Amino acid sequence: MSNIDDATLTRVAQALGEEDAIRLIDVLKNAEETTDDEIATKTGIRLNSVRKILYKLYDHSLVSLRRTRDPKTGWFIFHWRLQSDQLEGFIQSQKRRVLDKLNIRLEFEKNHDFYFCYTPGCKRIPFEDAVELVFKCGTCGKPLMHYDNDKVLEALGKRVETLRKELGE
Ligand SMILES: [Zn+2]
């Protein structure tokens, strides 16, 4: 199971929005099966957070769960196991989702002419909306001027290209 590299772990953690997932999966991949308590002890991550991340992983079928009952306390014990064969598919589908969003964004940038007040924190406004505002920024009140989005298009294009290559398109 040690063929799961750091880049894979990082991507999964990013997709889940959980930085601690990296350390958590690292413990899981080195154990056949482990409990939430053991993970909390080994990583130093709070038990509540460990459980939250485990359930997120479980939602994406990246871990499996077995439940037993503690004969002394009668409480449930949860045993977690990493489904490492699912990781690659998960990452691919995440990349696909990001690519779809980027393509929509790219089309929007291509098909619109933008105007901007050039005040930091204000937003660029498509021509149609700028007309309605009589070319005055709705936030800061400064005049809206044409904004050349070539650099935005270039940056988006590069990201789309990289993802396409990674997805083998
Ligand atoms: Zn403004």
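This is a predicted model: local features need pLDDT of at least 70, side-chain atom pairs count only at pLDDT 80 or more; totals for chains, interfaces and linings use all residues.
Is K52 buried, exposed or partly exposed, and what is its relative accessibility? K52 counts as partly exposed, with a relative accessibility of 48%, where buried means under 20% relative accessible area, exposed over 50%, and partly exposed in between, using a 1.4 Å probe and protein chains only.

Residues are numbered from 1 along each chain as its sequence is written, and side-chain values use heavy atoms, with hydrogens and water left out.

K52 forms a salt bridge with E18, their closest N and O atoms lying 3.4 Å apart, the term meaning a side-chain nitrogen of Lys or Arg within 4 Å of a carboxyl oxygen of Asp or Glu. This pair links distant parts of the chain, with K52 in helix 4 and E18 in the loop between helix 1 and helix 2, 34 residues apart; helices are DSSP runs of H or I with at least four residues, and strands are runs of E with at least two, numbered from the N terminus. E18 is buried, at 11% relative accessible area.

Turning to the strands, strand 2 (residues 63-69) and strand 3 (residues 76-82) pair in the antiparallel sense over seven bridges, pairing requiring that DSSP find at least two bridges between them. R81, the bridge partner of S64, also meets E32 in a salt bridge of 2.8 Å, N to O. Finally, R66 forms a salt bridge with E33, again with a closest N to O distance of 2.8 Å.
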